[in-house]
Amino acid sequence: MRIVLKYGGSSVATIEKIQQIADYLIELKKEYKEIVVVASAMGKTTDGLIKLAKEITPNPNQRELDSLMSIGEQQTVALMAMALTAKGQKALSLTGYQAGIKTAGVHTKNKIQNISSERIERHLAEGNIVLVTGFQGINEAGDITTLGRGGSDTSAVALAVALKCECRIYTDVEGIYSVDPRVYPEAKFLDKISYEEMMEMANLGAGVMETRAVELGKKYNIPIFVGKSLSKTGGTYIMEKNIAMEDKLVTGVSITKEIIVTTISNILFSSENVAEIFSTIDSCGLNINMITQNINKYMKVEISFSCQASEKYLLEQVTEKIKGRFSTCEIELNENLGMISIVGVGMINNSGIAGKFFSVLSKNGVNFYQVTTSEISISCSIDRENIQRAVEAVGREFSL
């Protein structure tokens with residue numbers, strides 16, 4: 001039997017925690033013959049590295065930033081390998097490149113293209129616990145790349161796909177809740193959730209899992225377990241939806257506390273002009289949400305979209321390029337907003353959820369602005385100061 005485990009930054013934040021995980025892995029080796037561990041950087045190491053880069057320049061070169069950020073994970077897996085070998089267990093660490101993780105895309109936001117797992121297979125056959133850096137790989141040019149925040153989840157699930165085994169994601173919480181319990185302490189624990197719901201919640205702000213990781217799990221039907229590091233209780237299974245899940249109309253609430261809504265106006269409408277705006281957004285690697293388009297009687301187009309405030313540096317690149325291309329355009333930013341979303345596969349065959357959602361916001365004095373929907377979610381932007389009130393009201397209304 002084989003298994004892939006992933007440990008987040010808080011789980012490996014200290015040498016003591018790394019030693020404890022090493023002891024656990026040695027015990028687990030009695031049950032699983034082959035173990036691969038994917039690890040994040042220790043604690044806030046990555047944040048510290050980014051801070052150093054920005055002390056050099058507010059807009060660091062993205063290739064060099066990838067090279068810098070990859071250091072954190074290499075530190076963790078090397079220390080963990082040392083801990084295991086010191087305790088008598090064969091182990092070795094591999095970088096993303098050494099593990100055969102090949103990527104493509106823009107720097108700091110690459111995507112895994114494929115994994116050549118031959119080297120991992122060889123080391124496993126020799127009795128090693130193999131420790132792989134999460135969050136990183138190598139592109140066609142031979143440059144170190146990173147996968148974006150939460151990329152270690154994606155690394156772990158992708159390796160589980162390549163190795164054809166279960167994946168366990170260990171973090172500092174017991175599993176997945178209907179709402180972030182730090183925001184809504186009454187949130188209910190979920191012992192299972194569908195791939196679709198977890199993807200939607202992750203995409204809309206839930207920080208427990210990374211969207212692409214869940215998408216990979218669904219595509220290849222890889223079981224994903226999310227639990228607290230070294231805990232023997234709790235845990236949530238991400239799995240295919242079933243009839244029991246559909247009995248609940250709304251499974252959870254996701255929030256993004258800080259978003260920026262950008263409105264671009266006074267541009268002559270044409271499909272070419274609109275396409276050029278979105279091509280510019282794509283070329284800068286900016287992830288956007290809640291897109292709206294209006295055309296006035298003078299055939300001028302107005303486009304609004306949201307992005308996370310943490311990506312303002314990418315948004316600035318976008319707006320600069322659009323201003324250079326469309327000299328008459330006007331661009332307005334609203335930086336005092338957040339986003340709240342409700343998610344549930346039970347919404348597919350049930351009407352009235354949107355009305356109930358917006359009614360409870362209105363009754364509690366929460367104004368809502370841009371709205372976007374999918375088959376299993378409804379999202380809207382709200383004033384940042386009203387996030388707590390909105391979450392509490394929605395949580396009570398839908399018994400979350």
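Reader: Are Glu 210 and Arg 212 buried or exposed?

Author: Glu 210 and Arg 212 are both buried. Buried means under 20% relative accessible area, exposed means over 50%, and partly exposed lies in between (1.4 Å probe, protein chains only). This is a predicted model, in which local features need pLDDT of at least 70 and side-chain atom pairs count only at pLDDT 80 or more, while totals for chains, interfaces and linings use all residues. Residues are numbered from 1 along each chain as its sequence is written, and side-chain values use heavy atoms, with hydrogens and water left out.

Reader: What makes Glu 210 and Arg 212 a salt bridge?

Author: A salt bridge needs a side-chain nitrogen of Lys or Arg within 4 Å of a carboxyl oxygen of Asp or Glu. The closest N and O atoms of Glu 210 and Arg 212 are 3.2 Å apart, so the pair meets the cut-off. The structure holds 14 salt bridges.

Reader: How do you know that Lys 312 and Glu 335 link distant parts of the chain?

Author: Lys 312 is in helix H11 (residues 312-325) and Glu 335 in strand S18 (residues 330-343), 23 residues apart. Helices (H or I, at least four residues) and strands (E, at least two) are DSSP runs, numbered from the N terminus. The closest N and O atoms of this salt bridge are 3.2 Å apart.

Reader: Why is Lys 312 called partly exposed?

Author: Its relative accessible area is 28%.

Reader: Which residues do salt bridges with shared partners join into one network?

Author: Arg 2, Glu 34 and Glu 121. The side chains of Arg 2 and Glu 121 meet at 2.7 Å, N to O. Arg 2 lies in strand S1 (residues 2-7) and Glu 121 in helix H5 (residues 118-125), 119 residues apart.

Reader: Why does Leu 268 count as exposed?

Author: Its relative accessibility is 51%, and exposed means over 50%, so Leu 268 qualifies. Leu 268 sits in strand S15 (residues 252-268).

Reader: What makes Leu 268, Ile 295 and Met 299 a nonpolar patch?

Author: Patch residues have over 30% relative accessible area and no salt bridge; like charges are joined within 9 Å, nonpolar side chains (Val, Leu, Ile, Met, Phe, Trp, Tyr) within 5 Å. Leu 268, Ile 295 and Met 299 form such a patch on the surface, with about 280 Å² of accessible area together. Accessible areas come from the Shrake-Rupley method with a 1.4 Å probe; for residues, only the protein chains shown count as cover.
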